[in-house]
Amino acid sequence: MAHHKPTLPHKTCPICQRPFAWRKKWEKYWDEVKYCSERCRRSRDTGATHA
């Protein structure tokens, strides 16, 4: 059974404008994380939105 973790830090993706939460794989460079997914990171160059 999944549970919500409200204590995790959140950011908003500049491409899709959706909030995303901290993940263990981003632990060492959370301050540098800007995009919620690889798809958003790739679309930053084209300026396209896919929300």
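Student: Which residues do ring pairs link into a cluster?

Tutor: Keep in mind that this is a predicted model. A search of the whole structure turns up three aromatic pairs. Ring pairs tie together a cluster made of F20, W26 and W30.

Student: What kind of aromatic pair do F20 and W26 form?

Tutor: A pair of aromatic rings is described by the distance of the centres and the angle of the planes. For F20 and W26 the centres sit 5.6 Å apart and the planes are at 75°. Planes over 60 degrees apart get one particular label, so the F20 and W26 pair is edge-to-face.

Student: Is F20 buried or exposed?

Tutor: The cut-off for buried is under 20% relative accessible area. F20 comes in at 6% relative accessibility, so F20 is buried.

Student: And W26, buried or exposed?

Tutor: Go by that under 20% cut-off again. W26 has a relative accessible area of 8%, so W26 is buried.

Student: How many residues make up the largest nonpolar core?

Tutor: In soluble globular proteins, nonpolar side chains tend to be buried together. Here the largest nonpolar core takes in F20, W26 and W30, and among the others are C13, C16 and C36. In all, the count is 10 residues.

Student: How many residues in the lining of the largest pocket are charged?

Tutor: The lining includes R23, K25, K34, E38 and R41, along with W26 and C36. The pocket itself holds about 160 Å³ of space. By class, its lining has five nonpolar residues, one polar, and charged ones numbering five.

Methods. Residues numbered from 1 in each chain as written. Predicted model: local features only at pLDDT ≥ 70, side-chain atom pairs only at ≥ 80, totals over all residues. Heavy atoms only, no water. Core = buried A, V, L, I, M, F, W, Y, C linked by side-chain atoms within 4.5 Å. Buried < 20%, exposed > 50% of the residue type's maximum accessible area, 1.4 Å probe, protein only. 1 Å grid on protein atoms, 1.4 Å probe; cavity = no way out; pocket = protein on both sides within 12 Å on 5 of 7 lines; lining within 4 Å. Points joined across faces, edges and corners; volume = space filled by probe spheres on them. Nonpolar A, V, L, I, M, F, W, Y, C, P; charged D, E, K, R; others polar. Phe/Tyr/Trp six-rings, centres within 6.5 Å; stacked < 30°, edge-to-face > 60°.
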